[in-house]
Amino acid sequence: MPVYAALIYAEEGEATPEEWAAIMADHNEFSERAGAAGVVAGGEALQDSNTATTVHVQGGKGGEVIHTDGPFLGGRGGQKLERRTPAEDPAETKEVLGGFYLLKCQDLDEALSWAAQIPEAWNGGRIEVRPCIGFTQE
Amino acid sequence: MLEDILRDEGGRVLATLIRLTGDIDLAEEALQDALVAALQSWTREGIPQNPGAWLTTVARNRALDHLRREAKRRQKETEALLSFVPGHGDDRLQLIFTCCHPALSLEARVALTLRLVAGLTTADIGRLFLQPETTVAQRITRAKKKISVARIPYRIPSDHELPDRMRGVLAVVYLIFTSGHHAHEGSLDSRFDLAEEGVRLGRMLVALMPDDAEAHGLLALMLSTHARRRARLDAHGNQVLTAHQDRSIWDLEAAAEASRLLERALRRRRAGPYQIQAAISCLHSLAPCDVEIDWPPILALYDLLSSRHPTPVVAVNRAVALSKVAGPEVALPLSSAFGASKSGISFGQPERISCASLLARKKLPTPTDRRLLSR
């Protein structure tokens, strides 16, 4: 059975405890329903992107290791590699990867219909659905 | 003649092979071999009684040969091919739904539909859209890879998805048709005509989905529009407004067919945007001359259309109809609502605005379009 990664992108913001509880309740409801249908093959919610560290090795394997604070190369605390307009620069928008589900589905239509039920899909965020490599071998 | 048979039957055979093997490239290769064999054999010995069965059998055997040559035999596909009994239904509808899947870009949907369903070559498609063949080929290759890797299903959507997906298919066919209608002069040397291809695909959809009212509506709309193709442009290639067109060179047969199709569609009592637009177009055709156009029902149809699908083009056309029924002083205030007067577009030129909006979508002004807009 093919596995699809449903990558959850949403804007990060300060959520009140009530808002946070509501989001968690929506996710619990989704994963219970999808779990009961035998669709969920895994998934994680990620900590705030402020806690992310980006690692890049300059000059090929064994080269200089560069750490950057944040989810992007050359973000906060690091050096910008190249200045782009805010519209082109993902670092300028607050939409970040916030978590993912692994969905075991028959085909893309099934995966897309489950993805549409992930809370962020209808809460102003978006879900990127990508097939995982290896499922074609079965 | 022979070419038409090969293209028509080829499309059916391709759809069947894709259903059996789930492998578009393998199916295309096998069909190509079968078409070459047919061309040689049929010119020598004449066209067989059942060309479709002939092609299917040869193509299936070629597909089996391809599979046998592969290092790793693919059991499932081989079995499907071996157990296939010819003479079953039409597989093209499934193929159309795959080609027009919303997970593919609109450009990819158009190119795939023309390539796999209509049977055009990538070179033909490139010429028609004034794009390098390599661009079209890459677009198709990428789409085929996505279909296979992401597993875009090859089936008729289930009942609850069908209305949405059908709308998507109809939109692709209509886009192919309108692209032909606004074709660039450079595409005129092609063997194919996008408007004709749109009509051909529309006929196929009506045959495959005989209960779908909007499929009938779309074919009626395309035929009714296509009936005026010879009168659309003047000797200099400038567009002529419907009202000023030479009605004696309208294709009355196509217009009559459009009316018949529309009547059949309306009897199902499930009116949609294509049926409404077809009705408006047919009412224009029915009038023996410009001044005898029956505007009140046209206005009523635009009211219906704008309540369900409020777009700027519909709003402008509705205002034109309103000015014909109630006078320009009633309709004029509406024009400022969508800024028509500010942009210098005056009344009585709905086609100009429709054209501008089509261009905005197409992003490729043809010389004809440019002349019309700069007038």
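Which residue in S5(A) does Gly43(A) stand opposite? The legends below take up this and other close-ups of a predicted model, in which local features need pLDDT of at least 70, side-chain atom pairs count only at pLDDT 80 or more, and totals for chains, interfaces and linings use all residues. Residues are numbered from 1 along each chain as its sequence is written, with chains lettered from A and ligands numbered from 1 in the order in which they are written.

**View 1. Strands S2 and S5 of chain A.** Gly43(A) stands opposite Tyr101(A) in S5(A). S2(A) spans residues 40–45, and its pairing with S5(A) is antiparallel, over five bridges. Strands are DSSP runs of E, at least two residues, and helices runs of H or I, at least four, numbered from the N terminus. Two strands pair if DSSP finds at least two bridges between them.

**View 2. Strands S1 and S5 of chain A.** S1(A) covers residues 3–11 and S5(A) residues 95–104. Nine bridges join them in the antiparallel sense. Val3(A) has Lys104(A) as its bridge partner.

**View 3. Helices H12 and H13 of chain B.** H12(B) (residues 252–266) packs on H13(B) (residues 273–286) at about 140 degrees, with axes 10 Å apart. Axes are lines fitted to C-alpha atoms, for helices over the stretch in contact, and angles run from 0 to 180 degrees between N-to-C directions. The two helices are therefore oblique to each other: angles under 35 degrees count as roughly parallel, over 145 as roughly antiparallel, 65 to 115 as roughly perpendicular and the rest as oblique.
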